[in-house]
Amino acid sequence: QSTGEKKMLQTLEMIGNKKKKLILEEKKSQLGAVPGHEGWWAKFTSSLRTNETLALLCDEISSLEELSRQLYLEIVDMNYMRERLAMSKTLLGKYFNFTGHIFTGYLAYKLFMCTINIVFDRVGKKDPISRGLEISADWLGFRFDSQFWSQHLSFVIVGIIIICSVRGLLI
């Protein structure tokens, strides 16, 4: 058990104890004082003290319940981060990390080239996908319509980046 989980259990135990105490105080106030020679002033002040005690207990319980909600959310976040850490150590996690670095480099290059094109008022002719596709086709000796395929490949890569960004925002 982590310290957060221990704090959560202690808080839940305290809430249970306070609720028991609240129920006992309510029963005591319903039964009233033991009949005796008490005057009306003593009954009045004891009922005020009981009401103050009940209100104080209710406030303590509500603040402890809010604390337990916050602790629960922290525990859930901590467990999620543990799962992500364990996932990052697997082969699939390392693959996602590698592709993330590639996409980051691609987006940084696109941002840099876009800034240069805006500052120097020039029109970009080819993007990195088109250049990479042409270079790989020439190097490997394939003949195909690189302009057609580079458009589609660029569209697919931009779609993947958008989906990953939206997925990252939703999670």
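What follows is a short report on the fold, the surface and the salt bridges.

## Ground rules

This is a predicted model, where local features need pLDDT of at least 70, side-chain atom pairs count only at pLDDT 80 or more, and totals for chains, interfaces and linings use all residues. Residues are numbered from 1 along each chain as its sequence is written, and side-chain values use heavy atoms, with hydrogens and water left out.

## Fold and surface

The chain has 5 helices and 0 strands (DSSP runs: H or I of at least four residues for helices, E of at least two for strands). Of contacts (heavy atoms within 4.5 Å) with a separation of 6 or more, 65% involve residues 24 or more positions apart.

## Salt bridges

There are 3 salt bridges (a side-chain nitrogen of Lys or Arg within 4 Å of a carboxyl oxygen of Asp or Glu). Glu-60 pairs with Lys-18 at 2.6 Å between the closest N and O atoms. Glu-60 sits in helix H2 (residues 40-88) and Lys-18 in helix H1 (residues 3-31), so this pair ties together parts 42 residues apart in sequence.

Glu-65 and Lys-19 also form a salt bridge, at 3.1 Å from N to O. That pair links helix H2 to helix H1 across 46 residues.

Arg-69 and Glu-66 make a salt bridge at 3.1 Å; they are 3 residues apart in helix H2, about one helical turn. Arg-69 is partly exposed at 46%, and Glu-66 is partly exposed at 36%.

Notes
Buried < 20%, exposed > 50% of the residue type's maximum accessible area, 1.4 Å probe, protein only.
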